[in-house]
Amino acid sequence: MSTAPRPYEDDRDRDRDAEGRARNQRPRDGLGRPLPYGTEGVARQPEGVVRTPGESLAEAQELLDAGRPFHAHEVFEDAWKSGPEEERGLWQGMAQLAVGLTHAARGNTTGGARLLLRGAAAVSAWTEETGRPRPYGIRVPELTAWAEELAEGLAREQRAVDADAHAPRLREGPGA
């Protein structure tokens, strides 16, 4: 049996935020991967921001277009945590789609494909259960087709994709 200390065995060694919650302070790259301390990273999305659904979708779209799906996932996570309970499944599914693209861009093709399909299924199931086929203008059928096509390509090609080149269009209309 090994006696080597486990990481964070002593909870006092963990990075903490201003409220004392455990929060890794290492800088991150554009795909959310931790970088060594002292390295220049990409600014993180602030956590716990309350946005309207339209603001969440617009901000997430900007991040997806910039090749930062991990950060878009954080926006959707805020939406599910701060929004109405009945919309939780929608926003969780949207977050899974963004994380699926994150994994695909990082080269985790199997995990990326699974998350893309799981997210598409969650969003589609939510729209069927609620009778809202395009909530907040979200292009659910097109988003589902995008996720399925990308998942199929990941399974076939088994290589990372460019996140910005594979970013989906979330909503209808110009600038959406």
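Helix α1 crosses helix α2 in a left-handed sense. The model is predicted. Two packed helices are described by the angle between their axes and the distance between the axes. Here are both pairs in those terms.

**α1 with α2**

- Helix α1 covers residues 53-65, and helix α2 covers residues 69-82.
- Their axes come within 7 Å and cross at roughly 165 degrees.
- That angle makes α1 roughly antiparallel to α2, because angles over 145 degrees count as roughly antiparallel.
- On the α1 side, the contact is made by S56, L57, E59, A60, L63 and L64.
- On the α2 side, P69, H71, A72, V75, F76 and A79 take part.
- By class, this contact has nine nonpolar, two polar and one charged residues.

**α2 with α3**

- Helix α3 spans residues 88-106.
- α2 and α3 pack at an angle of about 165 degrees, and their axes lie 8 Å apart.
- α2 and α3 are therefore roughly antiparallel to each other.
- The crossing of this pair is left-handed.
- α2 contributes P69, F70, A72, H73, F76, A79 and W80.
- α3 meets them with R88, W91, Q92, M94, A95, A98, V99, L101, T102 and R106.
- By class, the contact of α2 with α3 has 12 nonpolar, three polar and two charged residues.

**α2 in the two contacts**

- Which α2 residues meet α3? Among them are P69, A72, F76 and A79.
- P69, A72, F76 and A79 also belong to the α2 side of the contact with α1.

Conventions
Residues are numbered from 1 along each chain as its sequence is written. This is a predicted model: local features need pLDDT of at least 70, side-chain atom pairs count only at pLDDT 80 or more; totals for chains, interfaces and linings use all residues. Side-chain values use heavy atoms; hydrogens and water are left out. Axes are lines fitted to C-alpha atoms, for helices over the stretch in contact, and angles run from 0 to 180 degrees between N-to-C directions. Helices (H or I, at least four residues) and strands (E, at least two) are DSSP runs, numbered from the N terminus. Angles under 35 degrees count as roughly parallel, over 145 as roughly antiparallel, 65 to 115 as roughly perpendicular and the rest as oblique. A crossing is left-handed if the near helix is turned anticlockwise from the far one by less than a right angle, and right-handed if clockwise. Contact means heavy atoms within 4.5 Å. Ala, Val, Leu, Ile, Met, Phe, Trp, Tyr, Cys and Pro count as nonpolar, Asp, Glu, Lys and Arg as charged, and the others, Gly among them, as polar.
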